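Biologist: I would like to go through this model term by term. For each label, please give the value and the cut-off behind it.

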Amino acid sequence: MVIEQIKMPQLGESVTEGTISKWLVSVGDKVNKYDPLAEVMTDKVNAEIPSSFTGIIKELIAEEGDTLAVGEKICMIELEGGTTAEASEVPAAPSTSSETSGAINVEQADQGNKARYSPAVLKISQEHGIDLTKVSGTGAGGRITRKDLLKLIESGNIPVAGQGVEAKNESAVVNETKQEVAKPVSTPTPPATAVNIPVAVGDIEIPVTGIRKAIAANMLRSKHEAPHAWTMIEVDATNLVEYRNTIKDEFKKKEGFNLTFFAFFVKAVAQALKEFPQINSMWAGDKIIQKKDINISIAVATDDALYVPVIKQADEKTIKGIAREISELAVKVRTGKLRSEDMQGGTFTVNNTGSFGSVQSMGIINYPQAAILQVESIVKRPVVMNNGMIAVRDIVNLCMSLDHRVLDGLVCGRFLQRVKEILENTSKSTTTIY
C-alpha cells in the first residue's frame, strides 16, 4: 500500500490559508478521485476540497475549525495496491542501535514540527507576547495551532517570552521566526476578541457565521495594512441616462436580460484602466505588481454576506457582454452556485452602491488590489450650465478609495477624469452596446 497526503489547496490568487469548516469523510471511509473531502472557508470563498486519489482515509490531521496555511497537510489517504513508499526508502539500521536511533528520529521529528510555526501562530504570539517554546501543541507531531494559542489567551495563563528560556532556544526561535516572516505570504490579522456587552430583555443575539467572520477578517486586514485615501468626482450622466432608457426595453426583449446602468460604468472603468495601467496594480511588499489583464471585481450582496465575483478581460468585452456577465454572476451568487474560480483574478473592484440609494460612500479596498470605485445613485439636480442657465441634470458621484502605498492622488485624479469623460460622452451617436 502507498500513503499519500492531501494538502490545503490555494483557493484564490491572494489566499494564503483556509479553515476546515466541516469534514465530509471519516477515518476508514473509501473515497474515489474527485470526491469531496471537506468544506473549506477562506476570506474569499467557501469551497469543497476534492480528493486527488482513490483509496481509504487513514488520518484526519486537521480538525474542524483549524486554520492551515496553503500547502499544509490536512489528511492522509491509503491508495489501493502498491507498496509502502516509506518502507522502501528507509535503509535498515543495525539492531544494536535501532532503539536509540528510533528515539532520536522521533525526537527530531517532534522538534521539527513544533518549530514550523504558521503565519497565524506567529502573528498571535507576537501580538500577545507568547513564548512558543513553552506551548504544548495539539497539532500533528506536536505542532502548535492557532486554536492552542486562543485557549491560552482565554485562560489568561500566557507564557511570556524571555522568562526562563535558554539562550540557545531563544536564538532558534528568533531564527525560525525570521525564516517564516521572510516567506512570500501575507500575514493574517489577529482574531477578534470577545466583547462583554450587557444583554437586555428583548435583545437578540445573532451568532457570527463562518462567512461573516471571513468577511470581517478580510476587511480588517485591508484597513490594517493598506493606508486608505479617498477622492470623489461628479459626473453628468444625462446623455447616458437618455440613451440607456431609450433602448432598455428593446434590449431586454431581444437579449433576455436587463441592460443596467452599471454595465456602462464597468465598461468605462475598464477602458480607463487600459489607459492608466498604474491603477491596475497590487502591493507585494518589496515591489508593486502591475497586472496585464483587466479583471473587474463586482460586489454582489445577499442578505447576510458579500461576494466579489470577477468579470475577466472586461476591457475586451462589449457593454452587452458585460451586462450579461453581471446578470449571470448575480444569479450564481443568489442561488448559491458561485464557484471559487468565479472569484479569482480580480485586479480592480467596482461597487454599485447606488443600487440602494447611496450618494456618497468610502469603500474598503478589496485586498490585495490597489483601489475600489463606488458608483453612487444617479439623482436629478439643478446645475448651472456653461451659458449661465440652470438646468435639471442626471448627476452621479464616483467615489474612489486607494492604497496610498501604490497610488498617489495625481494619477487617481486623472483616472477619474477619464472615466468622467467617457461617461459624459456616452450617447446614441457615440456609443454602441454591441
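Biologist: How many salt bridges does the structure hold, and what makes a pair count as one?
Modeller: The structure, which is a predicted model, holds 17 salt bridges. A salt bridge is a side-chain nitrogen of Lys or Arg within 4 Å of a carboxyl oxygen of Asp or Glu. Local features need pLDDT of at least 70, side-chain atom pairs count only at pLDDT 80 or more, and totals for chains, interfaces and linings use all residues. Residues are numbered from 1 along each chain as its sequence is written, and side-chain values use heavy atoms, with hydrogens and water left out.

Biologist: Why are Glu225 and Arg221 called a salt bridge?
Modeller: Their side chains meet at 3.6 Å, N to O; the limit is 4 Å, so the pair qualifies. Both residues lie in helix H6, 4 residues apart, about one turn of the helix. Helices here are DSSP runs of H or I with at least four residues, strands are E runs with at least two, and both are numbered from the N terminus.

Biologist: What makes the salt bridge of Glu255 and Lys320 a tie between separate parts of the chain?
Modeller: The two side chains meet at 3.5 Å, N to O. Glu255 is in helix H7 (residues 238-255) and Lys320 in helix H9 (residues 319-334), so the pair ties together parts 65 residues apart in sequence. Glu255, at 17% relative accessibility, counts as buried.

Biologist: How do you know that Lys274 and Asp315 link distant parts of the chain?
Modeller: Lys274 is in helix H8 and Asp315 in the loop between strand E15 (310-311) and H9, 41 residues apart. Their side chains meet in a salt bridge at 3.5 Å, N to O. Lys274 has a relative accessible area of 55%, so it is exposed; Asp315 has 17%, so it is buried.

Biologist: Why do you say that the buried residues of H4 line one face?
Modeller: In H4 (residues 146-155), Asp148, Leu149 and Leu152 are buried. Seen down the helix axis, the buried residues fall within an arc of 95 degrees, so they line one face. The arc is that of the directions from the helix axis to the C-beta atoms. On the other side of H4, Lys151 and Glu154 are exposed. Gly156 follows H4, and its phi is positive, near 80 degrees.

Biologist: What makes a set of residues a nonpolar core, and how many residues has the largest one?
Modeller: A nonpolar core is a set of buried Ala, Val, Leu, Ile, Met, Phe, Trp, Tyr and Cys residues joined through side-chain atoms within 4.5 Å. The largest has 58 residues, and Ile279, Ile296, Phe348 and Phe415 have the most contacts inside it. Helix H8 (residues 261-275) supplies the largest share of this core, 10 residues. Apart from it lies another core of 20 residues, among them Leu11, Val25, Val31 and Ile49.

Biologist: Which residues does Phe415 contact, leaving aside neighbours within four places in sequence?
Modeller: Contact means heavy atoms within 4.5 Å. The partners of Phe415 are Val269, Ala272, Leu273, Phe276, Ile279, Phe348 and Met400.

Biologist: Why is Ser222 called buried?
Modeller: Ser222 has 0% relative accessibility, and the cut-off is under 20%, so it is buried. Ser222 is found in helix H6 (residues 210-225). Leaving aside neighbours within four places in sequence, Ser222 is in contact with His228, Ile364, Ile365 and Tyr367.

Biologist: And Asp131: buried or exposed?
Modeller: Asp131 is buried, because its relative accessible area is 6%. Asp131 lies in the loop between helix H3 (119-128) and H4.

Methods
Buried < 20%, exposed > 50% of the residue type's maximum accessible area, 1.4 Å probe, protein only.
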